[in-house]
Structure formats: structure tokens, C-alpha cells
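Please brief me on this protein model. Keep it short and sort it by topic.

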Amino acid sequence: MAVIAINCPHIQVQVVDINEKRINAWNDSDLDNLPVFEPGLSEIVKDVRNKNLTFSSNVEDAIKNSDMIFISVNTPIKKKGMGAGQASDLRWVESCARQICKSAKGHTIVVEKSTLPVRTAQTIKDILDSSKYNNSNKNRTFSVLSNPEFLAEGTAITDLVSPDRVLIGGDDIEAMNALKDIYANWVPESKILFTNLWSSELSKLSANALLAQRISSINSLSAICEVTGAEIGDVANAVGMDSRIGAKFLKAGPGFGGSCFKKDILNLVYLSEYFGLKEVANFWNSVVELNKWHQHRIAKLITKKLFGTLSSKKIIILGFAFKGNTNDTRESAAIQICKDLLDEGANLFIHDPKVEEKQIENDLQSKSIIKNKERNNQSTWTYIKNLNEAFCDSDAVVILTEWKEYTNINWKYVSSKMRKPAWIFDARSILNPAVIKKEDLNFWRIGDGLS
Ligand code: UGA
């Protein structure tokens, strides 16, 4: 919405949320307190806030006065009931549609921005259509559009300023053109695509599924590299130069995370099963299964290299976010890998430049010092702020997020502090093996059959 506001000074953009605390944070005079960390965002908010971009919790008034409403709410995986573990929980989408139905005036274009299961637009339409049964407000009309978001965290602003494409799905050409006119203020028309509602909804799920599938593919190949003496960076480079394959999204790592990939694939799995497409469901499910297996594989490999036991061993974890440049830990590979290491009795010292201790506590479902009585050993984790002090007497360092600052570590100093034999595990392939090995450190990196 901030990018729309800065590119369309003639349009009033109002962001509303029932969560007042969040709205207050968006209105905070200290831009460091905005609820979302995203490079470039605070600069835009500074420019347009209280000009043509406002934040408020007065949802009803905002709906009444709007010509176009974007529904951008959370759609997490259902935890209970039908479709639990796979289908999206649409309760917030439904409640938005009901609120719009109740409060809108005249003609309103309703745009699905959240990532939604295919045919959700029909649910929204059905709810909005019910306004015709309300005698006091029979003159309201609605058009429903799908306009999925393709931005990635950490690069959200550049993705929005120069998108690969803008997708508008609908069946009302006037409404579709109205939305197109907004984007046309900064996006070339050739990049704005029109489809029907269902193609638009499915395209979003398909894009994420195909991206995640690429990562599971490259990670599966990284395991083959490690046992055959090949190097995954070289393999990715060689195959990526085939223009039919392309070079992007071929970086092996600890496994994909983030709020969307797993959720969207499981949505496809659910949809396929619902329509009796068992083989299709199995195919997509295997992408998620491979990702899970890969995370366990890394934890096992660390344990094996440290002589099969982590009991009383000190391991430094560098990075907890699901990727660099974000404080988001949702589905981060670090969560499963750390849990596995703790199960083996490790003492973890966890560092991340952006993730807070409380978040790690929530993700690991344990306080910073835990006792694993069941396995009759003790495992603990500690949050570290000052990295330099942490290396003392450590047995291993594991890089799980590709933060730039981890590429500038002084390995000579680190080596002087570690207990030998010491291991560096680079699950993001961001270090130079020669630099590490010359400091008498053992080195493993993802997909490197020679390290
Ligand atoms: C992803 C998509 O890239 C966006 O297009 C989409 O709009 C977004 O989901 C969404 O649906 O909200 P995001 O989750 O922010 O964006 O992050 P990505 O950059 O796609 O990375 C996802 C995961 O894959 C991360 O854990 C990352 O480390 C991993 N990854 C990515 C790799 O392991 N290797 C790669 O080559 C690329």
C-alpha cells in the first residue's frame, strides 16, 4: 500500500486493522518502530504518511468511504477440523467479507491480496451477494478481483517498484481496468496481465510451489554432490546457464522456510486430494517431505562429525531467520535443525542480528535453558548478543542464515578460542573454504563433496 501511495499521489490509501497496537506502531513517530522490517519501507512511509497514506483502526468508516478494498489478511494452515494441517484457515477472509458486506456504500471493488486457495473468490462473492437480502442497503454492488502478491521478504520494495508482472484476475472488465489504472502509474502495461479469477488464484499457488520445488531439487542434488565429490555451486552454475532452466533460485541451503512455500504447497496437496488427484497430491507433498528430510539430514550430519554425540558440546548457531535481511522465523530451517541438535543433548548458543530471544523461545517451545530429562541428558540454548565472546570453548559453528556479517568473521581469532578438533558447518555456502581450513578448522559446506 505504501508503494501505491508513493506512486499515486492522487489516490488516498487508508490501511485499517482491528489490532490497535499494530496501527499505533505504524503511526509511531520513530520509524524504527514500524511493525515490519523491510529495506526501503520506512523511507516511503516517512514521505507519504499522513499525506495520502493513513493508518487507522476505524475499519467501518474506511469501508464506507472506499471505492476499492484490498483484503490482505493472514491465511495460516488450519490446525483443527476438516483439512487440518493442509487447508488454509479462511476465518479472517470471511470476516473481512462480512464486514465489507455490512459497511460498504454504492459500488465497491473488492480485491483479494492474500494468498488464497483456488475458488475463494466465490466464497467472498457469495458473502457479498447476501447484501441483497438486507432491506436497508439494497443498492450496494460489488466486483471481486484477484490480485496476488509476488513480493519476497527482504526485497519487498524493489519487487513492488519493478515487478516481473502484475496479475489481475476477474470477470468484470471495468473493475479490472480500474485496478490496472492504479498499477499503470509505475508498471509498464505489458507487465500487467488479465486472467479469470481461478487462473489468478492458482497462478499464485503454482509460482510458490514451483519455486519451492526448485529448492528441494537443488537440495536433493546437494546430498548427491556430497557423496560423489561434486560441488553443488558448480552444478547449479552449469545447469543454470541453460536458458531453459535459468540461474535463479538454485542456491542449496538448509531447506526452504518462510510463511508461504509450505503452506501453499500443502494447499495444492489438499486441493488435489479433494479432486481425487492422488498422484498429483503425492508429487507436491514430496517437495515438502524432501525439505523436512533435508533439515534432519543436516542435524544428523553435524552429530556424526562431532563423534556421534552432542552431549556437553557447545555449538554456535549463526542465523535463525528463514533467510537473510528479515527478522521473520516462520518455518525457518533453523527451528528444526536446532530442535534436533537439542535432542542430541547439545548446548546451543544462538545468534541472529534481527531475531529476538523471545521469538526463538516461541519457536523452540522452550525457555533459553532447557532440561531434556527424557533422554537423560541436558541440553540448553542461550541467546547471544555479542558474537565475539561466544566462541570460547565451542566445538562447532553452524551457519544457517546468510547474513552478510557472517562473511566478515575473523576465523583466526575464532580458531584461537574454539576447543579442538573444531568444526565449521556452512549450510548457506557463504564462506571461503581455503580461509577456514588454513586456520586449523574442519570445514563442511552444503553440497560440497570435497570439503
Ligand atoms: C516467497 C516467494 O519468493 C515470493 O515470490 C512470494 O510472493 C512469497 O513467498 C509469498 O508468497 O509471500 P519469501 O517467502 O519472502 O518469498 O522468500 P524467498 O526469497 O522465496 O525464500 C524462501 C526460502 O527459500 C528461504 O528459506 C530461502 O532461504 C530459500 N531459498 C531461496 C533457498 O534455499 N535457495 C534459493 O536459491 C532461494
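The points below cover the sheet, the helices, the salt bridges and some local backbone features.

This is a predicted model, in which local features need pLDDT of at least 70, side-chain atom pairs count only at pLDDT 80 or more, and totals for chains, interfaces and linings use all residues. Residues are numbered from 1 along each chain as its sequence is written, and side-chain values use heavy atoms, with hydrogens and water left out. Six strands form an open parallel sheet. The whole structure holds 20 salt bridges.

**Sheet**

- The strand order is E10-E9-E8-E11-E12-E13, and the pairing is parallel.
- Helices (H or I, at least four residues) and strands (E, at least two) are DSSP runs, numbered from the N terminus.
- Two strands pair if DSSP finds at least two bridges between them.
- Strand E10 (380-383) and strand E13 (442-445) stand at the edges. Each has a single partner strand, so one side of each is left without a neighbour in the sheet.
- On average, neighbouring strands of this sheet are turned by 20 degrees against each other, direction ignored.
- Strand E9 (residues 347-351) runs parallel to E10 and is joined to E10 by four bridges.
- Asn347 has Thr380 in E10 as its bridge partner.

**Helices on the sheet**

- Helix H12 (residues 278-305) lies across strand E11 (396-399), strand E12 (423-426) and E13. H12 runs at about 165 degrees to E12.
- Helix H14 (residues 357-364) lies across E9 and E10, at about 155 degrees to E10.
- Axes are lines fitted to C-alpha atoms, for helices over the stretch in contact, and angles run from 0 to 180 degrees between N-to-C directions.

**Helix H6 against helix H9**

- Two packed helices are described by the angle between their axes and the distance between the axes.
- The axes of H6 (residues 120-129) and H9 (residues 197-228) come within 9 Å and cross at roughly 130 degrees.
- That makes H6 oblique to H9. Angles under 35 degrees count as roughly parallel, over 145 as roughly antiparallel, 65 to 115 as roughly perpendicular and the rest as oblique.
- Thr120, Ala121, Gln122 and Lys125 in H6 meet Leu197, Trp198 and Glu201 in H9. Contact means heavy atoms within 4.5 Å.
- By class, this contact has three nonpolar, two polar and two charged residues. Ala, Val, Leu, Ile, Met, Phe, Trp, Tyr, Cys and Pro count as nonpolar, Asp, Glu, Lys and Arg as charged, and the others, Gly among them, as polar.

**Salt bridges**

- A salt bridge is a side-chain nitrogen of Lys or Arg within 4 Å of a carboxyl oxygen of Asp or Glu.
- Arg98 and Glu94 form one through their side chains (2.8 Å, N to O). They are four residues apart in helix H5 (residues 91-103), so about one helical turn separates them.
- Arg98 is partly exposed, at 48% relative accessible area. Glu94 is also partly exposed, at 33%. Buried means under 20% relative accessible area, exposed over 50%, partly exposed in between (1.4 Å probe, protein chains only).
- Glu226 and Arg297 form a salt bridge too (2.8 Å, N to O). Glu226 lies in H9 and Arg297 in H12, so the pair ties together parts that are 71 residues apart in sequence.
- Glu226 is buried at 17% relative accessibility. Arg297 is buried at 13%.
- Asp448 and Arg445 form a salt bridge, with their closest N and O atoms 2.8 Å apart. Asp448 and Arg445 are both buried.
- Glu60, Asp61 and Lys64 are linked in a salt-bridge network.

**A buried serine**

- Ser272 lies in helix H11 (residues 261-274). Ser272 is buried, at 5% relative accessibility.
- Leaving out residues up to four places away in sequence, Ser272 touches Leu277, Val280 and Ala281.

**Backbone features**

- The peptide bond from Lys420 to Pro421 is cis, with omega near 0 degrees. Pro421 lies in the loop between helix H16 (411-417) and E12.
- Arg119 is not a glycine, yet its phi is positive, near 85 degrees. Arg119 sits in the loop between strand E4 (107-112) and H6, and is partly exposed at 43%.
- Gln365, also not a glycine, has a positive phi of about 50 degrees. Gln365 is in the loop between H14 and E10, and is exposed at 63% relative accessibility.
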